Amino acid sequence: MSPPIRNKAAKRGFAARPFTLWKEVAVAYLAPALTAGLGGVLSGQPELTMAAFTSIGATSAVVALIVGGWLHRRGQPRRWTISRCRVR
């Protein structure tokens, strides 16, 4: 007989993944910085390209750091923070 499953997400069939704050912050920085930076390059706006990698990306990374740290400190993980999306 197998031991009881203690993780509610695992009971529902969701795969638990470890939370790593630095990966979340890196993605939060790179996604808007690269898209806005590409828009600045393609439209010929060097100010937008510079802002993409400084203020736009940095603001997104800071917000991700604050919210991610807050959610991680809450202790009890929520289903949407530990599960992967499944296409049905």
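**Figure 1. Thr49 meets the backbone of Val41.** In this predicted model, a polar atom of the Thr49 side chain lies 3.4 Å from the backbone nitrogen of Val41. Look for Thr49 in helix 3. Is Thr49 buried or exposed? Thr49 is buried, because its relative accessible area is 18% and the cut-off for buried is under 20%. Leaving aside residues up to four places away in sequence, Thr49 touches Gly37, Gly40 and Val41.

Figure 2. Helix 2 covers residues 21-43, which makes 23 residues. From its first C-alpha to its last, helix 2 reaches 33 Å, close to the 33 Å expected at 1.5 Å a residue.

Figure 3. How many residues apart are Ala51 and Gly40 along the chain? They are 11 residues apart, and their C-alpha atoms are separated by 9.1 Å. Ala51 counts as partly exposed because its relative accessibility is 23%.

**Figure 4. Thr59 reaches back to Ser55.** Here is another threonine of helix 3, Thr59. Its side chain reaches the backbone oxygen of Ser55 at 2.6 Å. Why does Thr59 count as partly exposed? The reason is its relative accessible area of 48%, since exposed would need over 50%. Now compare positions along the chain and in space: Thr59 and Pro32 are 27 residues apart in sequence, and 9.8 Å apart from C-alpha to C-alpha.

**Figure 5. A nonpolar patch on the surface.** Which residues form this nonpolar patch? Val62, Val63, Ile66, Val67 and Trp70 do, with about 480 Å² of accessible area together. Let's pick out one member, Val63, whose place is in helix 3, residues 46-73. Val63 counts as partly exposed because its relative accessibility is 46%.

Figure 6. Thr20 is found in the loop between helix 1 (8-11) and helix 2. With 26% relative accessibility, Thr20 counts as partly exposed. Where does Gly69 come in? The C-alpha atoms of Thr20 and Gly69 are separated by 9.9 Å, although the two residues are 49 residues apart along the chain.

**Figure 7. Stepping back to the whole chain.** The chain has four helices and zero strands, and its elements run α-α-α-α from the N terminus on. What share of the 88 residues is buried? Buried residues make up 19%. The accessible surface comes to about 7000 Å², and 66% of that belongs to carbon and sulfur atoms. Among contacts with a separation of 6 or more, 65% join residues 24 or more positions apart.

Note on methods: Residues are numbered from 1 along each chain as its sequence is written. This is a predicted model: local features need pLDDT of at least 70, side-chain atom pairs count only at pLDDT 80 or more; totals for chains, interfaces and linings use all residues. Side-chain values use heavy atoms; hydrogens and water are left out. Patches are made of residues with over 30% relative accessible area and no salt bridge: like charges are joined within 9 Å, nonpolar side chains (Val, Leu, Ile, Met, Phe, Trp, Tyr) within 5 Å. Accessible areas come from the Shrake-Rupley method with a 1.4 Å probe; for residues, only the protein chains shown count as cover. A salt bridge is a side-chain nitrogen of Lys or Arg within 4 Å of a carboxyl oxygen of Asp or Glu. Helices (H or I, at least four residues) and strands (E, at least two) are DSSP runs, numbered from the N terminus. Buried means under 20% relative accessible area, exposed over 50%, partly exposed in between (1.4 Å probe, protein chains only). Contact means heavy atoms within 4.5 Å. The expected span of a helix is 1.5 Å times one less than its number of residues. A polar contact is a pair of N or O atoms within 3.5 Å; within protein, one must be able to donate a hydrogen and the other to accept it, and residues adjacent in sequence count only if both atoms are side-chain atoms.
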